[in-house]
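Subject: Structure handover

Hello,

Here is the structure I said I would pass on. My notes follow below it.

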Amino acid sequence: GWLWAPKTLGALRLATTDRFWTGWNDLYTEMIFNDTLNENTLSSKGPMWHDGEPNDDDPDGEDCVESKDMELNDEDCASERKFYCEFPLTTIATSKGNHKTPTSTTTRPNNATPTTTVPKKD
């Protein structure tokens, strides 16, 4: 699985916790936010961001993106946050016995229990 990267404000607001890691980051290019799989890019402008964000305000850098009060905020990646994972759905059986293989599915955050991680800082 990989970190869930909400692509709309509506999706972001489905979460059951106010503060959690998203799958967005600008680890490779400052202020260019990519998802964990490097398949999608999120604009650094728009309604999903908290006022004044992203701002890369921490001296150690703020390269990871959290949901804070149901808006996005860039934050130091070493901070402890809960997170939601997205997993691939390998096969779906249809009523006629045919099989479809979607690329991925997202577990709705309000049905999932977020996990807490404690990153190690060098």
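Two strands are said to pair if DSSP finds at least two bridges between them. Helices (H or I, at least four residues) and strands (E, at least two) are themselves DSSP runs, numbered from the N terminus.

This is a predicted model, in which local features need pLDDT of at least 70 and side-chain atom pairs count only at pLDDT 80 or more, while totals for chains, interfaces and linings use all residues. Residues are numbered from 1 along each chain as its sequence is written, and side-chain values use heavy atoms, with hydrogens and water left out.

Overall make-up

The protein chain has one helix and eleven strands. Read from the N terminus, its elements run β-α-β-β-β-β-β-β-β-β-β-β. Of the 122 residues in the protein chain, 35% are buried; buried means under 20% relative accessible area, exposed means over 50%, and partly exposed is in between (1.4 Å probe, protein chains only). The chain exposes about 7,500 Å², and carbon and sulfur atoms supply 48% of that area. Accessible areas come from the Shrake-Rupley method with a 1.4 Å probe; for residues, only the protein chains shown count as cover. Contact means heavy atoms within 4.5 Å. Among contacts between residues at least 6 apart in sequence, 54% join residues at least 24 apart.

Strand S2 covers residues 19-25. Six of its seven residues are buried, so the strand counts as mostly covered. S2 pairs with strand S5 (64-68) in the antiparallel sense, over four bridges. Asn25 stands opposite Cys64 in S5. S2 is also joined to strand S7 (residues 82-83) by two bridges, and these two strands run parallel. There, Trp21 has Phe83 in S7 as its bridge partner. Trp21 also has a charge over its ring: the charged end of Arg81 sits 5.7 Å from the ring centre. The criterion is that NZ of Lys or CZ of Arg is within 6 Å of the ring centre and within 35 degrees of the ring normal.

The core

A nonpolar core is a set of buried Ala, Val, Leu, Ile, Met, Phe, Trp, Tyr and Cys residues joined through side-chain atoms within 4.5 Å. The largest one here has 14 residues, and those with the most contacts inside it are Phe20, Leu42, Trp49, Val65 and Leu72. Helix H1 (9-12) and strand S2 are the elements that give two or more residues to this core. Leu42 is in contact with Trp24, Phe33, Met48, Trp49 and Leu72, leaving aside its neighbours within four places in sequence.

Aromatic pairs

Rings of Phe, Tyr and Trp (its six-membered ring) pair if their centres lie within 6.5 Å; planes under 30 degrees apart count as stacked, over 60 as edge-to-face and the rest as tilted. A search of the whole structure finds four aromatic pairs. One of them is Phe20 with Tyr84, which is edge-to-face, at 5.0 Å centre to centre and 80° between the planes. This pair links distant parts of the chain, with Phe20 in S2 and Tyr84 in the loop between S7 and strand S8 (85-86), 64 residues apart. Both residues are buried. The pair of Phe33 and Trp49 is tilted, because the ring centres are 4.9 Å apart and the planes are at 50°. Phe33 lies in strand S3 and Trp49 in the loop between S4 and S5, so this pair ties together parts that are 16 residues apart in sequence. Phe33 and Trp49 are buried as well. Trp4, Phe20 and Tyr84 form one aromatic cluster.

Backbone points to look at

Glu53 and Pro54 are joined by a cis peptide bond, with omega at about -10°. Pro54 is in the loop between strand S4 (41-42) and S5.

Met31 is not a glycine, yet has a positive phi of about 70°. Met31 lies in the loop between S2 and strand S3 (33-34) and is partly exposed, with a relative accessible area of 30%. Not counting residues up to four places away in sequence, Met31 touches Asp26, Ser44, Pro54 and Asn55. The C-alpha atoms of Met31 and Asp63 are separated by 8.4 Å, and the two residues are 32 apart along the chain.

Met70, also not a glycine, has a positive phi of about 65°. Met70 is found in the loop between S5 and strand S6 (71-75), and at 27% relative accessibility it counts as partly exposed.

Regards
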